[in-house]
Amino acid sequence: GVSGTDTSRFDNFGRACDYGDLPESGTSFVTTGANAARHNISDEVRLGALIDSEPDGQPGPEANGDDLNNTDDEDGVASLPPLSGATTSYAVTLSARNTSGAPATLWGWVDFNNDGQFSPAEAASTSVANGANPANVTLTWSPVSVTAPVGAKAYARFRITTDSLSDNGATPQDERAQGRAGDGEAEDYAVTVIGDYGDAPTSYGDPSHSPQGPYMGATQPDS
């Protein structure tokens, strides 16, 4: 097995890794460097059909640096459901492969409160049985409170691995969203928070409101 402290962009044996692409500027997401979320390339454990390696993470505000680097391998999620202030539960279905001979775990984090980090409360996980080749697997967060403002990007990270990931509990961040795993893949995404819109002609402007707090009438607004 792999052992020892990994302080390089690769593992201790020089094997290339798959990295994420969440922005680092102004956030606490760990995308590059020694603590970056990264996975040794594996044919047996992955998200979607494609995977490639990078020399390091590819951070950017659109979370698409990995998509634009080499192969666009961010194909585990067909589409992210919309998010709004009215969202009380959230579910994402991913295509997951596990032919490793051991059970794997699919992890996901969504920065629902837009504070630039993943907390343990923003994590969801589920088991992916050996033999998934591939299988559709759903992660569910419930209840959730979306406090990110309308138009903001809520960032998400998904990881699959047969390794055990652990949170040290000493920081507000969930360390399971960071660090190296011996197999699997990491995929990062951005979803824009939507609001409640009117339906007057566009010449009257295009105002929007987060469907939280005060509203008119007896029915809470949708998005």
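1. V45 lies in strand β3, where a strand is a DSSP run of E of at least two residues, a helix is a run of H or I of at least four, and both are numbered from the N terminus. At 0% relative accessibility, V45 counts as buried; buried means under 20% relative accessible area, exposed over 50%, and partly exposed in between, with a 1.4 Å probe and protein chains only. V45 and I160 are 115 residues apart in sequence, yet their C-alpha atoms are 7.1 Å apart in space.

2. A remark on the basis of this note is in order. The model is predicted, so local features need pLDDT of at least 70 and side-chain atom pairs count only at pLDDT 80 or more, while totals for chains, interfaces and linings use all residues. Residues are numbered from 1 along each chain as its sequence is written, and side-chain values use heavy atoms, with hydrogens and water left out.

3. Strand β3 (residues 45–47) is joined to β5 by three bridges, and the two strands run antiparallel; two strands pair if DSSP finds at least two bridges between them. Within this pairing, L47 has A96 in β5 as its bridge partner. A96 also has a bridge partner in β8, namely A135. Eight bridges join β5 to strand β8 (residues 132–141), and these strands are antiparallel.

4. How many of the nine residues of strand β5 are buried? Seven of the nine residues of β5 (residues 90–98) are buried, so the strand is largely enclosed by the rest of the structure.

5. Strand β2 (residues 38–40) runs parallel to β10, and two bridges join them. R38 stands opposite R180 in β10.

6. The structure holds eight aromatic pairs. Rings of Phe, Tyr and Trp (its six-membered ring) pair if their centres lie within 6.5 Å; planes under 30 degrees apart count as stacked, over 60 as edge-to-face, and the rest as tilted. One of the pairs is that of F112 and W141, which is edge-to-face, with 6.1 Å centre to centre and 75° between the planes. F112 lies in the loop between β6 (104–110) and β7 (123–128) and W141 in strand β8, so this pair ties together parts that are 29 residues apart in sequence. F112 is buried at 4% relative accessibility, and W141 is buried with a relative accessible area of 3%.

7. F158 and Y189 form an edge-to-face pair, with 5.9 Å centre to centre and 65° between the planes. Because F158 lies in strand β9 (residues 153–161) and Y189 in strand β11 (residues 185–194), the pair ties together parts that are 31 residues apart in sequence. F158 counts as buried at 0% relative accessibility, and Y189 is buried with a relative accessible area of 13%.

8. One aromatic cluster is formed by F29, W107, W109, F118 and Y155. F29 and F118 are also among the residues that line the largest cavity.

9. The cavity search runs on a 1 Å grid over the protein atoms alone: a cavity is a set of points where a 1.4 Å probe fits but cannot get out, and lining residues have an atom within 4 Å of a point. Grid points are joined across faces, edges and corners, and a volume is the space filled by probe spheres set on the points. By this rule, the count is one cavity of 30 Å³ or more. About 50 Å³ of space lies in the largest cavity.

10. Which residues line the largest cavity? The lining consists of S28, F29, V30, Q117, F118, R157, Q173, D174, A177 and Q178. By class, these are four nonpolar, four polar and two charged residues; Ala, Val, Leu, Ile, Met, Phe, Trp, Tyr, Cys and Pro count as nonpolar, Asp, Glu, Lys and Arg as charged, and the others, Gly among them, as polar.

11. The loop between β3 and α1 (65–68) holds D56, and P55 has its place in that loop as well. Is D56 buried or exposed? D56 is buried, with a relative accessible area of 17%, whereas P55 is partly exposed, at 39%. A polar atom of the D56 side chain lies 3.2 Å from the backbone nitrogen of G33. The C-alpha atoms of P55 and T32 are separated by 9.6 Å, and these residues are 23 residues apart along the chain.

How values were computed: 1 Å grid on protein atoms, 1.4 Å probe; cavity = no way out; pocket = protein on both sides within 12 Å on 5 of 7 lines; lining within 4 Å. Polar contact = N/O pair within 3.5 Å; in protein donor to acceptor, adjacent residues only side chain to side chain.
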